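Keep the sequence and the 3D view open as you read.

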Amino acid sequence: MIELANNFFHLEIDPKHCAFSIVSQNDQDMKILNARMGLAFKKRRKIVNLPGGRDQEFAHHHSEIKDSKHGNMKTVVLTRGFQELNVKVQITFAIPEKYPLLLWKIELQNLAADAIRVRRFDLARIQPGLTGRILFGTAKKAAQPAFYAHGWQSWTYTATYGANEPMRRSIFNAIQGPQWYSQNTPIPRKAGLYASEFFGVAGDRSSRKGWLMGFLSQKQQFGSITADLRTEPKIKVWANGDDALLKPQQSMETDWAVITPIKVDEADPMGEFIDAVARENDVNLDKPKPTGWCSWYEFYTHIDDKKISDNLKVVKRLSDTLPMDLFQIDDGYEAHIGDWLTCKPKFVKGMKPHADAIREAGLMPGLWQAPLIVHPRSKLLKDHPDWILRKADGRPTSSGFNWNAITTALDLTHPEALDYVRRVIKTATREWGFDYLKLDFLYAGALGGKHKDPTRTRAQVIRSAMEAIREAAGKEVFLLGCGAPIGSMPGLVDGMRIGEDVLDYWLTTLSGMKTILRNEPNAPAARNAIQNTLSRAMMHNRWWINDPDTILVRQSLHLTLAEIQSLASAIALSGGMLMLSDDLTKVSEERLKIVQQLIPQMDQRPWVLDWFDRQMPGKLRLDLKGAEGDWHLISCSNWGDHRQDIMLDIKEYQLPAGKYWARSFWDQQTYQIKEDGLLHLQKVPAHGTVVLALRRMEENRVQYLGSDLHISQGQEISSWKEKGKKLEIEFTLPRKVEGQVEFYLPQKPKRVTFDGVYCLNQEPDNGRMTLPVTLHMKAKMEMEF
Ligand code: 9PG
């Protein structure tokens, strides 16, 4: 046995069985016992499993303290040789001194005279039959096992399942599978069986504890976690070798695998892991978060010069009341998917004039591109059939069904194909002048096939293609990843779509077909967009700026007002990007108000309280600080299909007992929460969300209760000064707005002025008073008592 310990863990390595055990130092109930390691490769068409009962021919290990991106780490390196096979395996364990993380990786060295193909690395196989155990409490089997399954790319459904629930499946997997799921990862059908990409959490809803297992990066392989929670949990953490060729005298290693214990009810339960990924991938968040307009969700591909410039005109005209800084042209301008250097004839002078006009209007010009995917009818495919990724039988690899065809992809290990991608990026940025690129369908760079360079894994191919794209675009250009494998992107994009497309319907709907599509997990739907916005909220401002996809507010939507408000609430409370995607020449002022109320977009990550308790979380909390004092913004959603009364309990938001003012944003209702912490919300509409500003009641002080100026109900106050009998309040918003603000007043003021104008015209009602206000950027209110 080899032992290693720090303040967080006690680690035991059993070299004979190629296994390890880990116990949490501050919670002896949190254990993983006898997790086995191994790997598989193909040699002369035969699959070889290691150790597969083999005894090592030689073995040794050494320990040292190493400096790393994660500070000092205690490390142990085990080397095992298999002479008959002529391979050497090296396993490295590391425990950072400062963080509760166990890191380990496996390296395979081919010392033989012929090449082998790397199948998989098993970083951990926890199998009860082989004395493997994973415990989240005292019981052998968790009382209420659950699994957080993380989807492969932006659009793939991400949620926590109770062990009695099967993973949600699409009916389109046969055609769309390649776009949503990582090749070679099983898509389980039965309740209790789960597959997760990059990381996952297995835990117990009853002990409120779990283990997060995954990888710190996906530079080398796509790593997956599969779990069977039907009886005693079985779990595998493995990296996909994609049968990449390992030539003689070459080696392949995995990314760091990682394990960390989780307390489900902490404010930031996955924080240690998320931060470690950011360090490992050298994430640098140096760009401001844009607020803007996107052409996709009303026009779809039917855009032209006029629609674009008409909308730009409206954006300009509204700049006082709806300030934006990004104007992004989406799909529909390009000659064909693949032919990115030429435009459709309806863009008469190409794209440069649009970029110029957008910049002249004071906004950042943004453009959509999908540089890695190829349409079968593109000129690109005709001219360069050898740049296309093909299957073993020579037919093009499928990238899924889109634009009315089965699409294919570039072979990015072909130097000319990659050069073409560089040229596409350079043309859009340096020649046409776009400073923001929405890079879509990036999963197409990570598909399986017969690559020109057979030594590369899919993860290596897309990572190096993204590095080439970043280099071609330059550091200054804002890159948004979309349809992109999540683990491949940290450190290479500034923003990232973390969910499915929004739609003007709550559930997926395709040409009138609604009922059979209602459970589609990965297809466009307002509901699906909200799902991942909540289940991936913790990534924001750590790996990139989260893009929750756009808000839609136009009258013609098939969404109810409650559903639009839910979408607005999720986007706002996520702290991510704020984009609007209606034809602005037609949106009513009343509907625009919904978007205006979200500007400036908030920036904090929300605490998602019920992330481990149900597939679609419905309880968020933000702790906000302002000039007037601290307050909480909480949300509560009714994801059911019927209107419903909700008994809100502030204890479920882990807020201390006491009396609170609760002001509900969307209906501007003010409630008092008594000592019992309960609030009865009546008739919350189907798919609706209530957003409440909570403030501890203070009886002897003037208190701000909220407003309709901004969804935070407090961020609009920039200064609050009490000077003897006078109170001076300054309001600041980056826009022109009319609205109302509400106060609690222990006594009636003698005089209230707003920007010098007398504005007191009523008696306080039980101490509460609402006043009309108008401001442009800044305004001052004065109260005299
Ligand atoms: C342009 C659009 C928009 C949108 C992107 C992406 O088949 N699918 O599951 C599927 C999902 C999303 C999607 C297209 C297809 O939309 O997310 O914002 O840019 O492309 O074509």
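Here is a short tour of the ligand and its pocket.

This is a predicted model, in which local features need pLDDT of at least 70 and side-chain atom pairs count only at pLDDT 80 or more, while totals for chains, interfaces and linings use all residues. Residues are numbered from 1 along each chain as its sequence is written, and side-chain values use heavy atoms, leaving out hydrogens and water.

**Around the ligand**
- The ligand has 18 residues around it, and Tyr297, Asp330, Asp331, Lys438 and Asp501 come nearest (a residue is near if one of its heavy atoms lies within 4 Å).
- This shell divides into 8 nonpolar, 3 polar and 7 charged residues.
- Helix 1 (173-180) and helix 3 (296-299) each supply at least two residues of the shell; helices are DSSP runs (H or I) of at least four residues, numbered from the N terminus.

**Atom by atom**
- A polar side-chain atom of aspartate 331 lies 2.7 Å from an oxygen atom of the ligand.
- For arginine 497, a polar side-chain atom is 3.1 Å from a ligand oxygen atom.
- Tryptophan 368 has a side-chain N or O atom 3.1 Å from an oxygen atom of the ligand.

**The space itself**
- The ligand takes up the space of the largest pocket (on a 1 Å grid over the protein atoms alone, an open set of points where a 1.4 Å probe fits, with protein on both sides within 12 Å along at least five of seven lines; lining residues have an atom within 4 Å of a point).
- Helix 1 gives the most to the lining of this largest pocket, with 4 residues.

How values were computed. Polar contact = N/O pair within 3.5 Å; in protein donor to acceptor, adjacent residues only side chain to side chain. Sits in = over half its atoms within 2 Å of the grid points. Nonpolar A, V, L, I, M, F, W, Y, C, P; charged D, E, K, R; others polar.
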